[in-house]
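Student: Walk me through this one, please, and spell out the cut-offs as they come up.

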Amino acid sequence: TGGGEIEAEAAAPRIAEAARRCDAVLLGPGMNTCAITTTLVRTLLADQDETAYVLDAGAICGLAAHAQTVRALRAPPVLTPHAGEMAQLLDWDRGAVEAEPLKAARRAAEMLRAVVIMKGAGSWIVAPDGAHWHYDGGGVGQGDRDRQIAAREPQRLEQQPEGREIGGAAVRHLPQDQRARRAVVPDRRLLAQPRPRGGGGD
C-alpha cells in the first residue's frame with residue numbers, strides 16, 4: 001500500500017500459491033502487529049493447511065480470535081512469542097506473563113494446538129499436549145538463532161536424547177505422512193538441548 005503495509009487481500013493468494021510448494025513457512029518477522037497482518041495470516045492458514053508454519057512476532061498477536069482456524073491445521077504450528085506478544089495473544093497483562101511464563105505457554109499451546117516456545121530469560125518449550133521443557137540458553141533477542149535452529153542439522157535430533165524426546169512430543173501430533181518427511185518444522189525447530197521437565201503442574 002501507499003503507507004508501506006502489505007495489502008492482505010491481494011497478497012494472500014500469491015503467498016498461498018508459493019506456500020503450497022513449501023514444507024514450512026515462517027510468518028511474522030518484520031510485520032506489524034495490526035489487523036492487516038492478522039487478516040493475512042488467517043487467510044493463509046485457512047487456505048493452506050498442509051504446510052507447517054512457524055509463527056513469530058506480528059503473526060502471533062491476533063490469533064486468539066481465529067483459534068479454530070489454527071487448530072484445524074494438520075501440522076501444529078510453532079509459535080515463538082516473547083512476553084509482550086504472548087500478553088496480546090492471551091489478553092493478559094505483560095507482568096502476568098513474565099511472572100508465569102510456563103502457565104502462559106501452556107494456555108497458548110492448548111488454545112491453538114500448537115508447539116509454543118516462550119522466550120524470556122530462558123525458553124519454555126510446550127507441546128500441544130502440555131508436555132514441557134526448559135532451555136536455559138535461549139531468551140529474548142534469540143529469534144534469529146531460533147530460526148537458524150529450525151533450518152539446520154536435523155540429524156542432531158538423532159544424536160541427542162533430549163532432542164529426540166522434544167522432537168517426538170511435537171511430531172506425534174503430526175499426520176502420519178508428515179511424520180515421515182524430514183523437513184517438517186517441529187522436528188527442526190526443537191533441536192536445542194533443554195533439560196526435560198515433567199508434564200505436571202505449573
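This is a predicted model: local features need pLDDT of at least 70, side-chain atom pairs count only at pLDDT 80 or more; totals for chains, interfaces and linings use all residues.

Student: OK, which residue stands opposite serine 123 in strand 5?

Tutor: That is lysine 119. Strand 4 (residues 115-119) runs antiparallel to strand 5, and four bridges join them; the two strands form a hairpin, with three residues between them.

Student: And what is the bridge partner of serine 123 in strand 6?

Tutor: In strand 6, serine 123 is partnered by tyrosine 135. Strand 5 and strand 6 also pair in the antiparallel sense, again over four bridges, and their hairpin has five residues between the strands, where glycine 130 takes a positive phi near 95 degrees.

Student: Which way do the residues of strand 5 point?

Tutor: In a regular strand the side chains alternate between the two faces of the sheet. Here Ser123 and Ile125 point one way from strand 5 (residues 123-126), Trp124 and Val126 point the other way, and all are buried, where buried means under 20% relative accessible area, exposed over 50% and partly exposed in between, using a 1.4 Å probe and protein chains only.

Student: Is histidine 134 buried or exposed?

Tutor: Histidine 134, which lies in strand 6 (residues 132-135), counts as buried because its relative accessibility is 14%. Its side chain makes a polar contact with the side chain of aspartate 136 at 2.8 Å; such a contact is a pair of N or O atoms within 3.5 Å, and within protein one must be able to donate a hydrogen and the other to accept it, with residues adjacent in sequence counting only if both atoms are side-chain atoms.

Student: Switching to helices, which residues of helix 2 are buried?

Tutor: Thr37, Thr38, Leu40, Val41, Leu44 and Leu45 are the buried ones in helix 2. They cover an arc of only 165 degrees around the axis, so they sit on the same side of helix 2, the arc being that of the directions from the helix axis to the C-beta atoms. Ala35 and Ala46 are exposed on the other side of helix 2.

Student: What covers the buried residues of helix 2?

Tutor: The cover includes helix 1 (8-19), strand 1 (24-27), strand 2 (52-55) and helix 3 (67-71), where contact means heavy atoms within 4.5 Å.

Student: How far apart are the end C-alpha atoms of helix 2?

Tutor: They are 18 Å apart, which agrees with the 18 Å that the 13 residues of helix 2 (residues 35-47) should span, because the expected span is 1.5 Å times one less than the number of residues.

Student: Last topic: how many disulfides are there?

Tutor: Taking a disulfide as a pair of cysteine sulfur atoms within 2.5 Å, the count comes to zero. Cysteine 22 counts as partly exposed because its relative accessibility is 34%, whereas cysteine 61, at 8%, counts as buried.

Methods
Residues are numbered from 1 along each chain as its sequence is written. Side-chain values use heavy atoms; hydrogens and water are left out. Two strands pair if DSSP finds at least two bridges between them.
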